[in-house]
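Trainee: Could you show me, step by step, how to read a few features of a protein model?
Mentor: Gladly; here is the structure that we will read together.

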Amino acid sequence: MAIITLPYNQTSVMMELPDDKDVRTLHPREMVPLEDPQDELRRCLEGPPRWEPLGKMAESVEGNVLIITQDHTRVNGKDRVLPWLLDLLSEYGIPDERVKILIALGSHKKPTEEVARKTVGPAFDRVKVEHHDPSGSLIDCGTTSSGTKVNINAALKEAGLVIFYGAVVHHYFAGYGGGRKLIVPGIASLETIASNHSLTWDPEGHGRHRMVKSGSLDGNPVSDDMLECARLALEERLEVEDARRVGDALLDLGL
């Protein structure tokens, strides 16, 4: 019997396969690590391709800054990066007291404080950290062309500046995670999430929609609806043309 070991959570599991099975291991391409990731973050935020530098935006911020990030089920280095981001904001005149981190739980179960602390790292003790409550304070942002009523965490509208931090990864029915998924399902109501996710199925009753799959964006009704939800949620914060540009930028990034 062939024995293979698969990583699982923080441990691993072992499986036995018959000797007549062809077992091969796929390895990702080797990635060259950044010499100084914290400096690279600064460089990117000081010269983004589509927007003003973060420091420039921070100068005109009235009120607080809201950072929306993925929960403990998404590994994206936030425990290291969020403290660096807080340091940058502080340099730009926004102290920790004016920053809140909102964990985009969607419909996931709220984790223990121990898990939450580990998820955001040292930032947990520097700023207020809240987990999205899909039954909490929500605002109506309209309805998508697919009929999804867009009810979003009110904190999105209350903040003077919103920063999204997430990982771009394959998702088995949204195509890709990150970006617009931080809004829906991340900070949406259960009704909004259920309506969006129901688009997984072919409306003519042929089972799963053929474009709802990992890595699929063009013609994926779930992804299209998520993007429209994001545009509606952001439209009141920005000029209409800017809101469209936000949606286009998210789509360009495969989000």
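Mentor: Patches are made of residues with over 30% relative accessible area and no salt bridge, with like charges joined within 9 Å and nonpolar side chains (Val, Leu, Ile, Met, Phe, Trp, Tyr) within 5 Å. A salt bridge is a side-chain nitrogen of Lys or Arg within 4 Å of a carboxyl oxygen of Asp or Glu, and accessible areas come from the Shrake-Rupley method with a 1.4 Å probe, where for residues only the protein chains shown count as cover. This is a predicted model, in which local features need pLDDT of at least 70, side-chain atom pairs count only at pLDDT 80 or more, and totals for chains, interfaces and linings use all residues. Residues are numbered from 1 along each chain as its sequence is written, and side-chain values use heavy atoms, leaving out hydrogens and water.

Trainee: Which residues make the nonpolar surface patch?
Mentor: Leu6, Tyr8, Val13 and Met15 make this patch of about 360 Å².

Trainee: Is Tyr8 buried or exposed?
Mentor: Buried means under 20% relative accessible area, exposed over 50%, and partly exposed in between (1.4 Å probe, protein chains only). Tyr8 has 54% relative accessibility and therefore counts as exposed.

Trainee: How is a pair of aromatic rings described?
Mentor: Such a pair is described by the distance of the centres and the angle of the planes. Rings of Phe, Tyr and Trp (its six-membered ring) pair if their centres lie within 6.5 Å, and planes under 30 degrees apart count as stacked, over 60 as edge-to-face and the rest as tilted. A search of the whole structure finds 1 aromatic pair. The ring centres of Tyr172 and Phe173 are 4.8 Å apart with planes at 85°, so this pair is edge-to-face. Tyr172 is exposed at 57% relative accessible area, whereas Phe173 is buried at 9%.
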